Amino acid sequence: MKKTIFSGMQPTGVAHIGNYFGAIKNWVSLQDEYNCLYSIVDLHAITIRQNPEELYQNTLNALALYMACGLDPDKNTIYIQSHYHGHAELCWLLSCFTYMGELGRMTQYKDKSAKNADNINLGLFAYPTLQTADILLFGTHLVPVGDDQKQHLELARDIAIRFNNIYGDVFTVPEVFTPKTGARIKSLSDPTKKMSKSDGEANYVGILDPADVVMKKFKRAVTDSDTEIRYDPENKAGISGLLEIYAAACNVDIAAAQREFEGKQYGHLKTTVAQAVIDNVTTPIQTKYNHLIKNPDHLANIAKSSAEKAASIGNPVLEKTKKAVGLVL
């Protein structure tokens, strides 16, 4: 039996190359070995106030982008979270087994509350419970997470174990799945931090950015006052970050990437890394994406059939949970 992997990404704008190298590219390599479910988690997105029209379009864009990046809807379950009611139902059931103190300790809640002081809502506080429901709903064995999400996975494990200790073997207790490469692509403007859309346009390269924009962003990437191109994350964070991007874009290891630039200048490094991203990532993905996004009926059919597939996997777990707590089915 293949093990089940679940992962989700919010449809809050177009993904960037950090998302691609850190998550989506790795997802593609898993689709033949595991039963993979990838959810566009629009219910999570609304914990922060969204423009309705933008959220709607971003959700469809995300579906098209996943497929353009290589995720095959015949091999994976790629669906929109809100299209399957099981997420919200199981979230409520699990909220009765989640402690306030656990949620209050979540680092991301503290960070997002600080950034959204005028909208510290219950959903923002309790969304790790919805995240737990996302995972446990499908008997998930493995969850690909970065360092910033490991705390949430630990909570999911704690809740699953707590529930099982009371009611028996209901939930599979998930394990962390750490990809071998590309876990944390660094910001171009502050290479000590992870690439993130929240830190401004200069910090990230969007997968749908035009080629001239990609080149311009890399040319402006922060490096250092030294002249040697070597991989040294502690002392040369900017150069190391560029080498990591090049290695990921060209599917080579860091040592090979470093040899490629021996004796070269920083300007050469920046333009070469940019061109590698353009040739190997953004241009081929954009070609596929533009074809898909022009066929909304095809996207709608995929969304519908994928949600039905997700429900067929999740409903038995949901019914088992309801039965365990004594609800009348």
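**A walk through the model**

If we skip residues up to four places away in sequence, Ser 240 touches Arg 230, Tyr 231, Asp 232 and Pro 233, where touching, or contact, means heavy atoms within 4.5 Å. Before we go on, a word on what you're looking at: this is a predicted model, in which local features need pLDDT of at least 70 and side-chain atom pairs count only at pLDDT 80 or more, while totals for chains, interfaces and linings use all residues. Residues are numbered from 1 along each chain as its sequence is written, and side-chain values use heavy atoms, with hydrogens and water left out.

Back to Ser 240, then. You'll find Ser 240 in helix α10, residues 237–250; helices (H or I, at least four residues) and strands (E, at least two) are DSSP runs, numbered from the N terminus. Is Ser 240 buried or exposed? Ser 240 has a relative accessible area of 2%, so it counts as buried (buried is under 20% relative accessible area, exposed is over 50% and partly exposed is in between, with a 1.4 Å probe and protein chains only). For a sense of distance, Ser 240 and Asp 169 sit 46 Å apart in space, C-alpha to C-alpha, and 71 residues apart in sequence.

Now look at the loop between α10 and α11 (254–260), where Asn 251 lies. With a relative accessible area of 61%, Asn 251 is exposed. Its backbone is worth a glance too: phi of Asn 251 is near 55°, a positive value in a residue other than glycine. Most residues other than glycine have a negative phi.

Next up is a pair of helices. Helix α7 (residues 122–136) and helix α8 (residues 150–167) pack with their axes 9 Å apart, at an angle of about 70°. Axes here are lines fitted to C-alpha atoms, for helices over the stretch in contact, and angles run from 0 to 180 degrees between N-to-C directions. That makes α7 and α8 roughly perpendicular to each other (65 to 115 degrees; under 35 is roughly parallel, over 145 roughly antiparallel and the rest oblique). Among the residues making the contact are Tyr 127, Pro 128 and Ile 135 of α7, along with Leu 153, Leu 155 and Ile 159 of α8.

Ile 159 turns up again at Phe 97: leaving aside neighbours within four places in sequence, Phe 97 is in contact with Ile 159, Arg 162, Phe 163, Ile 166, Tyr 167 and Val 325. Phe 97 has its place in the loop between α4 and α5 (100–104), and is buried, with a relative accessible area of 12%.

Let's finish with the rings. How many aromatic pairs does the structure hold? There are 12 aromatic pairs, counting rings of Phe, Tyr and Trp (its six-membered ring) whose centres lie within 6.5 Å, with planes under 30 degrees apart called stacked, over 60 edge-to-face and the rest tilted. One of them joins Tyr 34 and Phe 177 edge-to-face, 6.0 Å centre to centre and with 70° between the planes. This pair links distant parts of the chain, 143 residues apart: Tyr 34 is in the loop between α1 (17–30) and β2 (35–40), and Phe 177 is in strand β5 (residues 175–177). Tyr 34 is buried at 14% relative accessible area, and Phe 177 is buried at 18%. Another pair, Tyr 84 with Phe 138, is tilted, at 6.3 Å centre to centre and 40° between the planes.
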